[in-house]
Amino acid sequence: MNDKQKATAELQQWLRNISKSKDASPAVIPDGIFSAETRIEVENFQRENGLPVTGVADYETWEAIRLADSLVSAGREPPVQIAPIESSDLPLERGMNNLFTDTLKLMLRLVAESFENFELYEEEGYGEKTQNAVRRWQEIAFLPVTGETDKETWNSLAAFYLL
């Protein structure tokens, strides 16, 4: 097997382990061939985990599958899934207070636990402190720094949360 086939076989094994943990019949055989079945399993994983459904194991998908497999292997459940947000609900901005702002702050808390220089202070709704935390995340994620939570900011936080 060449390196690409070895990587594909590793991905297929991860997908197989994840399927088994859900008591589902694994559809993928770790043979190193990125077959139609492999593509479908990647698409299913992406759909179930709020990732763009492309069937391609890009970096974000690869890392999410790798993490899900490591959690399954350790006997732990993956975190609660947070789906991408619809554009009509965006942007989230200062002064708002709803389920989406609460979910945003949940994701930001995980970021604060993962990065030393990331501060998040509790406040009601989307205030100045949340806006500053969003700005800091946008810097970390190399996004335009606006302090507003647009679709790209939301989806990058959701992807980080799922890792």
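The legends below describe an overview and close-up views of a predicted model.

Residues are numbered from 1 along each chain as its sequence is written. Because the model is predicted, local features need pLDDT of at least 70 and side-chain atom pairs count only at pLDDT 80 or more, while totals for chains, interfaces and linings use all residues, and side-chain values use heavy atoms, with hydrogens and water left out.

**Figure 1. Overview of the protein, with six helices and zero strands.** Helices (H or I, at least four residues) and strands (E, at least two) are DSSP runs, numbered from the N terminus. The order of elements from the N terminus is α-α-α-α-α-α. Along the principal axes, the C-alpha atoms fill a box of roughly 55 × 30 × 25 Å. Of the 163 residues, 37% count as buried; buried means under 20% relative accessible area, exposed over 50%, and partly exposed in between (1.4 Å probe, protein chains only). Among contacts with a separation of 6 or more, 48% are between residues 24 or more positions apart, a contact being heavy atoms within 4.5 Å.

**Figure 2. Helix H1 (residues 3–21) and its ends.** The end C-alpha atoms of H1 are 27 Å apart, which agrees with the 27 Å that its 19 residues should span at 1.5 Å a residue; the expected span is 1.5 Å times one less than the number of residues. Asn2 caps the N-terminal end, with a side-chain oxygen 3.0 Å from the backbone nitrogen of Lys4. This is a polar contact, defined as a pair of N or O atoms within 3.5 Å; within protein, one must be able to donate a hydrogen and the other to accept it, and residues adjacent in sequence count only if both atoms are side-chain atoms. After H1 comes Asp23, with a positive phi near 60°. Buried residues of H1 include Leu11, Trp14, Leu15 and Ile18, and the buried residues of this helix pack against helix H2 (36–48) and H3.

**Figure 3. The crossing of H1 and H3.** The two axes come within 9 Å and cross at roughly 50°. Axes are lines fitted to C-alpha atoms, for helices over the stretch in contact, and angles run from 0 to 180 degrees between N-to-C directions. H1 is therefore oblique to H3; angles under 35 degrees count as roughly parallel, over 145 as roughly antiparallel, 65 to 115 as roughly perpendicular and the rest as oblique. The crossing is left-handed, meaning that the near helix is turned anticlockwise from the far one by less than a right angle, whereas clockwise would be right-handed. Residues in the contact include Leu11, Trp14 and Ile18 of H1 and Trp62, Ile65 and Val72 of H3.

**Figure 4. Glu41 in helix H2.** Glu41 counts as buried because its relative accessibility is 15%. Leaving aside neighbours within four places in sequence, Glu41 contacts Leu15, Ser19, Ala27 and Val28.

**Figure 5. H4 packed against helix H5 (residues 128–140).** The axes of H4 and H5 lie 11 Å apart, at an angle of about 55°, so the two helices are oblique to each other. H4 passes H5 in a left-handed crossing. The contact is made by Leu104, Lys105, Leu108 and Val111 of H4 with Thr130, Ala133, Val134 and Trp137 of H5. Leu104, Lys105, Leu108 and Val111 are among the buried residues of H4. At the start of H4, a side-chain oxygen of Asn98 is within 2.9 Å of the backbone nitrogen of Phe100.

**Figure 6. Ser88 in the loop between helix H3 (59–73) and helix H4 (99–114).** Ser88 counts as exposed because its relative accessibility is 67%. Ser88 and Lys151 are 63 residues apart in sequence, with their C-alpha atoms 9.7 Å apart in space.
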